[in-house]
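Here's a quick briefing to read alongside the model. Have the sequence and the 3D view open as you go.

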Amino acid sequence: MDEHLAQLLANTQDKHEGPRKQAELDLLRAESNPEFPLSLARIGAHTGAPVQIRQSALALLKNFVNKHWAPDGHDDAGSAYAGGLQISIPDSTKDHLRNAMLELVLSPEDERKVKVGASYVVTKIAMADFPDRWPALLPSVLAVMPTGTDAQLHGALRILQDLVEESLTDEQFIKVARDIIKVCYDVALNENRKQTHRSLAVLVFRSCFNLMDIVKEDHKQEVRTFAEQVLSGWLPFLEQVIKSPLPPLVDDSGSQPESWYGPVALKDQAVKTLIKIRAVFPSLLLPQCLALFTATWEELSRLAPSYQSLFIDSDAQSRLEDIDALPFTLDFLVLDELDFLNQCMRALPVQKQLGAEIEARGAVHDTPWVLDLMGLLVSYSQITQEEEGLWDIDVSLYLAEETAVSSNYTARTACGDLVIKLGEWLNMRALEGLFAYTKTLFTEERASWQKQEAALYLFSSVLNDFQDLDKSVAPEIANAYLELVSYAIKQDQPILRARGYLVAGALAQNYQPALGLVDSVVDAITRDDSEIVQVASVRAIEGFIRGGVPTDRQLPIVLAIQRFLEAKDLSELEDADDLLVTLLDTLRTAIGMDTRIAIQPDSKAVDLLFLIAKHGAANFHVTLIVCETFEDITRTFKDNEGPLKDMEHSRLYAALCSKVLPSITGTFDVANLTKDDPLVTLAADLLSLLAQYGSEPLPAGFVAATLPKLHHLLMTSSEGDILRPGAEAVKYVLMHDHKQVFSWHDENGRSGLEVCLRIIDRLLGPGIEENAASEVGGLAAELVEKAGHERLGPFLPQLLQAVAVRLDTAQAAPFIQSLILVFARLSLVGAQDVVNFLSDIQINGQVGLQVVLSKWLENSINFAGYDEIRQNVIALSKLYSLNDTRLAQTMVKGDLVIANTDRIMTRSRAKLNPDQYTIIPAPLKILKVLIEELVSASGIQAAAHMAAAAATELAEDDDDDGDNDGWEDEPDDTLDLALGGTKSDLMAWAEAGSSRQRDDETQAYLIDFFVRADADNIAEFHNWCGMLGEDERRKLKEAAQ
């Protein structure tokens, strides 16, 4: 079978699709053969087979093990998987595979690709069998490490890494931690071992801290003592690794020498480990923080010329990792060392030492370490040749870096973070020190433009942070940098000019003299030869507008954006997401100067908005900004704010409609409504916004222009993103001008009322998903209110029954709320009529009142939206006040019955044992719901959550035993999701964020209701109160005070 499988594996790599797919099918069929996994193992271990075939065999074996090894370990997923039925693996086969794969990984063979593939198989088996069914695994691995060959050591380290990261539980780790860390320490310190293997040993050691972080929650003192013992040996070693210089860079080939790969990998793992120690045991690192800070700074100073040679003056390959995921290029090392330097700056001993030197010198610009550090940061902030080349190809990449939305975290961004940290610590003195160094770059005759740009980049980083924190910049510093900006925008280098304009925009937000450059920036959008300068100027304009540029510049700004777009091939913009977002942000800010530009006959502001939307409709961020901008316009017209305060809304709105309606409705004519077309979705959202902020009455002809399109849209599409805003738009049209709706007839003679009924009927039908139809309730409620019994006649009971029937089977919370609010809004004015109607209808063999009330009261506490909650509360109070015997006879779910068991409730057990509830009369349930709503509206619940969170944080601080003493309180900017503490913090944040906030209006109504109910014993209130739980009576008393 081995030869047959080997041939099939070779065929899977065939360039022709036919043989390749046939081989994949044959391999899938072969899985049922008992020899299949054994044959794959033999192929993987066959040293005479091609490496790629051995890799394929091991990869296939890994997948086989993952699917079939432990069918009882998948909880509810059981043994089902996409490839077919579960295959039972005999114990004898499992024993052979365990031994064969472990032997292969620990063999003297020096083929790393095969070793890695085999280690993946071992890991998958270990996740199921270690330690109970494979107790010899860890001892075998640890035994080979001290004296094994390099190939054996590599295999052992791979298994050890996978065990620590994937398989070991915290209880298992406690038992073996000392042995694992000891063998890793011995390997790491052994200079006779390959540096890549020493690096891998340090990586395994670092991974141990994730488990230590979990274990210390329950064994804080023991783990801390253990860590202290371990670090007494490790920390001097890690410091020495950082101090060890790299071999000299002897040639100018523009590439990193291979002799650096091992040393760089080891140094990088050492720095990463120090960062991890800082995150888990900060107090244990504190005594060495000053020495480590100095060593790291000196190392970065030594590496700066090599970094310049490789990445600034040349285009050396960067961000490279080996097969073990060990970074080995200099850029990775520099990045991590800059991050660690940043963290050391948070240590109080470091701040105390550096601060003392500043005080001794008397001025920050005369302090050597400040100037040296600024010089170091400028060196590493220079644009690399790789970045420069990419930006020339795609300016969106440039904008992504500038807007901090890029995932490409580089030495440049790390320097920006570090200088921001300096600004937070030294405040204005940080800018003084930065300028003291920067001015030397601009006064040298042969100054590097890259360093000049880098210095301005660092200034803009601090400046933006100051503005975010509402810190002001000293006028003399701002003016000094304004002079540098004026110099930069006149230079030949495009990236330096672009930086000058960006800094000008940042300065202009708070420094009025900078506004004088606005015309230069506007001109650069269309007249500069460089596209990078053009887009930088577009982005910079935002700052000028926020700084208070005169409104007479609005039209030139919009015109400049228009001309910029006219000069582009618009088809290329569809993939230029960051450019589209930048254009939209600036356009939105420009329109906000005076929204009347949207309706001026000679203005193309809104046309530009729609043009950009057309080419970026598939991008969520683009559509969001377009919708927000359009909402700003429509809401401003409705509120008559600012320059519009003396203008009538109806006149402004009519002018806007005549401007935008043809474009919006025209989209529906040309699009395919049966598919998920992003442009149709955007048009539906815009039409909904336009209708939401409509005048009363709407402009003449509005219904005739929109309702036929909406009718066709809502009767054709099945996409929720289209149906929801479409239904909302019809609701708003009814809300603002129902008379125009009811007096309109379509081309087939249907009245507006009939069209609305047809739409509601389709959305309530079983063919529409609940989430897609979540707005139908609001539309139905609006139609019932506006049409009334007089217009609806026999259609009213039919409509309400259709809503009740659909409510019976509804599952999605938004959909349920939407349908319930139909009856809630009717109850506000006719609660008795609602009860009478529901009592007279049957739904699947049950009385309608039973069906609707059960769903209503079960879901009320989960309602969202202040207005919706308030309407629901008032409606329920009116239903209760009826004192109708039919309500008292209607039994609904009460309180959850807590099961008396200490068994962990898995999903499968939950299915077999669903939640049980008490059964109580509807009036009692109404009171329970209203009490909960009163607690929520009073803000007691939210305050309790905050108090609990504060108490927990205080308890954690008290329990911390001074672990963070000596470090600033602010956490590291990077979330380490591998740490147990991070996960618990995120869960706590999510739980705290779910509580409702205070609602004074609802609270006042409910207090008044309960006071009157108690005073007048409304609907036998005293009797029902006696059935409330003690906790509920307490809540009612506290909330009503």
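**Around Met-145 and beyond**

Setting aside neighbours within four places in sequence, Met-145 is in contact with Leu-153, Ala-156, Leu-157, Leu-160, Val-183, Val-187 and Arg-193. Keep in mind that this is a predicted model.

**Nonpolar core**

- Met-145 also turns up in the largest nonpolar core, which has 350 residues; along with Trp-234 and Leu-422, Met-145 touches the most other members.
- The top contributor to this core is helix H38 (residues 813-840), which puts in 14 residues.
- As a rule, nonpolar side chains in soluble globular proteins tend to be buried together.

**Ser-283**

- You'll find Ser-283 in helix H13, which covers residues 282-285.
- Ser-283 has a relative accessible area of 13%, so it counts as buried, the cut-off being under 20%.
- The side chain of Ser-283 makes a polar contact of 2.7 Å with the side chain of Arg-224.
- Ser-283 and Glu-228 are 55 residues apart along the chain, and their C-alpha atoms are separated by 9.9 Å.

**Helices H22 and H23**

- How do the axes of H22 (residues 449-468) and H23 (residues 475-488) cross? They come within 12 Å and cross at roughly 140°.
- H22 and H23 are therefore oblique to each other, since only angles over 145 degrees count as roughly antiparallel.
- The crossing of H22 past H23 is left-handed.
- On the H22 side the contact is made by Gln-452, Leu-456 and Phe-459, and on the H23 side by Tyr-481, Leu-484, Tyr-487 and Ala-488.

How values were computed. Residues numbered from 1 in each chain as written. Predicted model: local features only at pLDDT ≥ 70, side-chain atom pairs only at ≥ 80, totals over all residues. Heavy atoms only, no water. Core = buried A, V, L, I, M, F, W, Y, C linked by side-chain atoms within 4.5 Å. Buried < 20%, exposed > 50% of the residue type's maximum accessible area, 1.4 Å probe, protein only. Helix = DSSP H or I, 4+ residues; strand = E, 2+ residues; numbered from the N terminus. Contact = heavy atoms within 4.5 Å. Polar contact = N/O pair within 3.5 Å; in protein donor to acceptor, adjacent residues only side chain to side chain. Axes fitted to C-alpha atoms, helices over the stretch in contact; angles between N-to-C directions. Parallel < 35°, antiparallel > 145°, perpendicular 65-115°, else oblique. Left-handed = near helix turned anticlockwise from the far one by under 90°.
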